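Subject: Structure handover

Hello,

Here is the structure I promised to pass on. Please open it next to this message and follow along.

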Amino acid sequence: MKNTVSNTAKPLIFAWLVGLMLLLFVLNLFFGSVIIPVVDVFRVLFGEGSTNQTESLIILNFRLPQTFTALFAGAALAVAGLMMQTLFRNPLADPSILGISSGAGLGVALLLFFTGNVSSQTFASVDIISHLGLNMAAFLGALAVLMLILFISNKLGNAVSLLIVGIMIAYVAGALVGLVKYFSRKEDVYAFALWGLGSFSNVGNSQLPVFIISISVGLVLSILMMKSLNLLLLGDRYAANLGLNIKLSTIYIVIITGFLTAVVTAYAGPIAFIGLAVPHLARSLFSTADHKILLPSTMILGACLALFCNLVARLPGFDGSLPINAVTSLIGAPIVIWFIFKHRNFTTLES
Amino acid sequence: MKSLIECHSLGIGYKQKAEEPHLLFPTFDIQLYEGELTALVGPNGAGKTSLIKTISGNLTPLSGWITLFNKTLKSYSTAELATIISIVLTDRILDQHIKVYDVVATGRYPYTGFWATLNQNDKSVIQKSLEMVGAEELSDRTFVTLSDGERQKVMIAKALAQDTPIILLDEPAAFLDYPSKIELMHLLQNLVKKHHKTILYSSHDLDLVLRSADRLWLVASRKPIATGIPEQLVLDGLIEDYFAITGLHFDAALGQFILPTAGIKKICVSANGITGIWLRRALERKGWTVNTNENEAFVIKFGNNNYILENGQTVVHFANIESLITELDRYENN
């Protein structure tokens with residue numbers, strides 16, 4: 001097969017992607033369901049006075065945190081997906097494969113159930129604990145599953161069994177969620193369904209620093225796994241012979257992926273698709289399997305895709321915003337199919 | 001002779017919970033000598049892969065111990081082992097995008113730092129390794145697009161880039177066509193002679209190992225491991241003993257297993273050189289027992305580019321082997 005991307009072209013593509021990400025970032029600030037003149041957006045951003053109070057509120061308190069959330073959540077999910085695909089040597093693996101997002105879902109469902117049935121109020125009416133409580137519940141649920149997975153992977157030390165156990169845990173958590181929903185009030189079931197559709201608008205300015213710092217820590221840690229991930233591509237036995245401690249690297253990768261997924265799911269709900277699709281886009285675009293290139297490029301591409309989806313979800317004309325999960329799949333799936341047709345070197349699974 | 005790896009009362013096999021450990025063969029002592037191409041040979045399923053896994057530190061022995069450069073294998077860290085023993089496996093690399101160069105570059109990982117940055121020396125070692133196996137032109141290709149023979153070369157280049165004194169190969173010839181097998185053996189012999197590597201490879205292909213290896217480790221299920229140079233093992237009758245398959249007979253003169261024949265169809269061939277060899281093979285395939293006794297009923301001679309068949313007074317000339325054996329078939333059926 002011909003080498004489609006020469007080595008000199010790679011930094012150029014990367015530069016284009018960074019440019020695209022910045023452009024999408026700016027577009028996210030300028031466009032939304034409320035139409036605000038470009039001049040006014042500039043005024044608000046550069047702190048010139050004499051602006052409309054409402055416009056200033058929309059841009060600084062809604063659009064800005066939402067844009068940052070989309071950017072970091074996209075990067076985190078994409079990198080988590082890449083690490084799962086490499087660890088399990090399975091192109092269909094994604095961040096939810098270890099059952100961590102199901103754990104988050106269970107946490108949220110339990111919170112809704114207890115606030116509803118115990119305090120006999122619907123969750124929607126308990127404003128004080130609303131967002132923060134939801135985030136905590138999701139994070140704790142995800143963390144509980146992560147601990148369980150770590151305990152098991154320490155016992156098994158074998159990626160295939162770990163994968164199966166992860167999927168089983170996801171089923172169990174899903175079943176528990178079903179049970180909890182069955183006994184919950186109608187309003188709480190609706191609130192849970194909304195959470196499940198995902199949203200980048202739940203992180204307010206006050207929580208934004210925590211979110212950004214947590215994700216950044218996870219992203220930096222993932223970069224540190226570069227050498228291990230490259231070795232894992234060859235399979236466990238070659239990797240071990242080349243000096244890699246398989247068990248320890250597996251645990252590190254599970255911790256980093258689990259942490260990133262837990263933080264994103266806690267703040268933005270279970271966002272599908274980005275983690276599955278972006279690593280494939282990056283591999284095709286750069287025609288490489290080298291994580292030195294793949295890790296940064298999946299981050300940028302993941303951020304781009306999330307920002308683009310966020311933009312589409314809030315296009316002017318829609319009343320409010322569309323659920324982000326619907327948008328990621330509706331937009332992402334055709335992009336991936338197009339890419340597969342364009343880059344035929346993304347062939348079928350090894351037969 | 002210096003031995004790099006020594007197995008002491010080594011027992012390998014499987015241990016299932018609460019059961020007696022199942023040994024693949026009786027505990028044994030064996031040495032891997034420096035500067036030799038050693039072949040681990042035995043029928044499929046005898047335990048060759050388990051033995052290779054044990055020596056490379058991938059499988060824990062059930063009993064006994066292994067020393068490597070006079071220190072126990074257990075005392076080496078994974079990182080240290082990575083610079084002493086390299087392996088070439090039958091495991092397939094599943095990634096769809098990995099490049100040949102990147103595969104070979106992983107051989108340098110034990111020497112690189114945290115970021116796996118390749119310095120000038122690493123790059124020149126990778127280049128040399130690709131050249132040594134004749135794969136320098138594959139360097140930009142995607143690994144999955146290679147043929148089995150090319151993949152094997154690239155994995156050997158990886159092992160060479162790893163720059164270890166010992167290379168272990170598990171069934172390196174298994175998926176190769178005949179010319180590639182010969183080429184591979186040539187390469188391994190070359191690495192031993194010119195680059196001072198010590199190589200152990202496993203194979204079930206007796207013909208191949210008898211032609212290429214300096215020393216054999218002969219294994220068969222539940223038999224003690226036998227070792228020696230190939231020719232001695234043939235003369236001692238051990239090859240036939242270890243490979244015994246009902247209905248097959250090992251011809252020590254030819255160095256290969258042949259289908260047993262009834263032995264009543266005798267024929268004499270008096271032709272030398274390459275023509276004689278292939279004529280003989282054609283006749284044996286047809287079930288004749290070939291000898292050089294000119295008193296046999298059928299005698300075949302070769303002269304003037306003609307095969308001459310003498311049957312008593314009848315003398316017939318044939319232009320090629322095919323028409324000769326067709327004629328013999330006709331005699332037989334009458």
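Below is what was found, going from the chains to their contact and then to single residues.

Please keep in mind that this is a predicted model.

**Chain A**

Chain A holds 14 helices and 0 strands. Read from the N terminus, its elements are α-α-α-α-α-α-α-α-α-α-α-α-α-α. The chain has 351 residues, and 54% of them count as buried. Take the contacts in chain A between residues at least 6 apart in sequence: 78% of these join residues at least 24 apart. The accessible surface of chain A is about 15300 Å². Carbon and sulfur atoms supply 72% of that surface.

**Chain B**

Chain B is built with 11 helices and 19 strands. Its C-alpha trace spans about 85 × 50 × 35 Å along the principal axes. There are 334 residues in chain B, and 48% count as buried. For contacts in chain B with a separation of 6 or more, 61% come from residues 24 or more positions apart. The accessible surface of chain B is about 16400 Å², with 50% of it on carbon and sulfur atoms.

Charge comes next. Chain B carries 32 positive and 38 negative side chains. The centres of these two sets are 3 Å apart.

**Where the chains meet**

The size of an interface is often given as the accessible area lost when the parts come together. Here chain A and chain B bury about 3200 Å² between them. Of that area, 55% lies on carbon and sulfur atoms.

The count of salt bridges between chain A and chain B is 1. Asp91(B) forms a salt bridge with Arg237(A). The closest N and O atoms of Asp91(B) and Arg237(A) are 3.6 Å apart.

**Salt bridges within the chains**

Side chains of opposite charge can pair when their charged atoms come close. Over all chains, a search of the whole structure finds 16 salt bridges.

Start in chain A. Arg89(A) forms a salt bridge with Asp236(A), with the closest N and O atoms 3.0 Å apart. Arg89(A) lies in the loop between helix H3 (53-88) and helix H4 (100-117) of chain A, while Asp236(A) lies in helix H10 (residues 236-241), so the pair ties together parts that are 147 residues apart in sequence. Arg89(A) is partly exposed, at 25% relative accessible area. Asp236(A) also counts as partly exposed, at 25% relative accessibility.

Now move to chain B. Asp329(B) forms a salt bridge with Lys286(B), and their closest N and O atoms are 3.8 Å apart. Asp329(B) sits in helix H11 (residues 321-333) of chain B, and Lys286(B) in the loop between helix H10 (273-285) and strand S16 (289-291), so this pair ties together parts that are 43 residues apart in sequence. Asp329(B) is partly exposed at 25% relative accessibility. Lys286(B) is partly exposed too, with a relative accessible area of 32%.

Stay in chain B for another pair. Lys301(B) forms a salt bridge with Glu310(B), the closest N and O atoms being 3.4 Å apart. Lys301(B) counts as partly exposed at 27% relative accessibility. Glu310(B) counts as partly exposed at 24%.

**Two backbone angles**

Most residues other than glycine have a negative phi, and most peptide bonds are trans. Which phi does Phe273(A) have? The value is positive, about 80 degrees, although Phe273(A) is not a glycine. Phe273(A) is placed in the loop between helix H11 (246-268) and helix H12 (274-286) of chain A. Is Phe273(A) buried or exposed? Phe273(A) is buried, because its relative accessible area is 18% and the cut-off is under 20%.

Asp163(B) also has a positive phi, near 55 degrees. Find Asp163(B) in the loop between helix H5 (148-161) and strand S9 (166-169) of chain B. Asp163(B) counts as partly exposed, at 44% relative accessibility.

**One helix residue**

Last, look at Glu183(B) in helix H6 (residues 178-195) of chain B. Glu183(B) is partly exposed at 44% relative accessibility. Glu183(B) and Ala173(B) are 10 residues apart in sequence. Their C-alpha atoms are 10.0 Å apart in space.

Best wishes

Technical notes: Residues are numbered from 1 along each chain as its sequence is written. Chains are lettered from A and ligands numbered from 1 in the order in which they are written. This is a predicted model: local features need pLDDT of at least 70, side-chain atom pairs count only at pLDDT 80 or more; totals for chains, interfaces and linings use all residues. Side-chain values use heavy atoms; hydrogens and water are left out. Helices (H or I, at least four residues) and strands (E, at least two) are DSSP runs, numbered from the N terminus. Buried means under 20% relative accessible area, exposed over 50%, partly exposed in between (1.4 Å probe, protein chains only). Contact means heavy atoms within 4.5 Å. Accessible areas come from the Shrake-Rupley method with a 1.4 Å probe; for residues, only the protein chains shown count as cover. Lys and Arg count as positive and Asp and Glu as negative; His and the chain ends are not counted. The place of a charge is taken as NZ of Lys, CZ of Arg, CG of Asp or CD of Glu. Buried area is the accessible area (1.4 Å probe) that two parts lose on being put together, summed over both. A salt bridge is a side-chain nitrogen of Lys or Arg within 4 Å of a carboxyl oxygen of Asp or Glu.
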